Amino acid sequence: MTLTVAAVARRLGVAPATLRTWDRRYGLGPSEHTAGAHRRYSSSDLARLVVMRRLTLEGVAPSEAAQLAATTAVADGGFALASVSTIPAAVIEAAVTDAVAIAGPGSGLDPAREVTTAEEAPALSGPDESEDAESLPGHHGRPTDAVDWAVSSLADRFAEEIRTRGVAPAWDAVLRPALATRDAAMHAAVARALAALPVATGDRAVLLAALHDPAAQVARGPVLLAAAAALAEAGSGARSVGEGVPVRMLAAAVRRVRPPALLLHTDAEPAADVVEDLLALARVRPAPLVVLLGDGWTPALKDRLRGAEVATGLADAVARCVGASTA
């Protein structure tokens, strides 16, 4: 039995564009040909893709993950994978387990259930993932059991990372890189994992805000939820004003709430008028500690916002905010 690209995408919970990228960059494409020269995925092809997805989720570099995924071979009715000294054995075992569950003989693959229309199976020569609507968060395609399973599985994995590392370190090392992909299942899983975490307020709550990036296709709100959960984990409260609140209104909130710290996030360089409002915000008294988080703070802007502290990641930002709260 072989599968179309759309059927494989649904089973893995990724966009078809992601599969095209893995095919183009790493050679992890379909190996079977049918009448009319249409290329379709075999169960072994699918197993390699499952391994690729699991290894990248575990933090293995995509190029290294692809090389390792290519070694996936059928063994005793399941799949085997080459052992690499730099990758923990537990990671290799987890990848093989996923491959068996999704692509193995007992995975429930049914050719009749995998039939798709031409519209659901875009050609491998189609547009790049940046042009594929299914690769964007918020795509409202037909839900499938495979996608739901993928989101639940990923959310469980993210939750385990949070339990093991702590909220902020897990965000920096795992969740934020996952959000940097154009994988809708990844985004949904991160949101699900974060939504289950407790948050707190209080008299000395840190104020959280994010500058709106009109060019961004993905809302950055999850970072504020992650920050609130990380602060709660550290014993501090948080109040979020959300993303896109005008800075002049944020200044009013600072005067009213008088937070010990303000965590301000952006991944895009602020416009000139926003910078002027930020300079005015820095003059608000009593002045909170302003902690800058994200990739949008240029060196020149950091110099202009004197007194603000630049965090290297969420864990660093939370530590600075907690320090201000307990001072």
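Leaving aside residues up to four places away in sequence, Ser325 touches Arg204, Val206, Ser236 and Pro260 (contact means heavy atoms within 4.5 Å). The model is predicted: local features need pLDDT of at least 70, side-chain atom pairs count only at pLDDT 80 or more, and totals for chains, interfaces and linings use all residues. Residues are numbered from 1 along each chain as its sequence is written, and side-chain values use heavy atoms, with hydrogens and water left out.

Ser325 lies in helix H13 (helices are DSSP runs of H or I with at least four residues, strands runs of E with at least two, numbered from the N terminus). Ser325 counts as buried because its relative accessibility is 12% (buried is under 20% relative accessible area, exposed over 50%, partly exposed in between, with a 1.4 Å probe and protein chains only).

Five strands form an open sheet in the order E6-E5-E7-E8-E9, with parallel pairing (two strands pair if DSSP finds at least two bridges between them). At the edges are E6 (238-243) and E9 (309-310), each pairing on one side only. E7 and E8 (residues 289-293) run parallel and are joined by five bridges. Leu262 stands opposite Val290 in E8.

Two helices pack on the sheet. Angles run from 0 to 180 degrees between N-to-C directions, with axes fitted to C-alpha atoms, for helices over the stretch in contact.

| Helix | Strands touched | Angle between directions |
|---|---|---|
| H10 | E5 (206-210), E6, E7 | about 175° with E5 |
| H13 (residues 314-326) | E5, E7, E8, E9 | about 175° with E8 |
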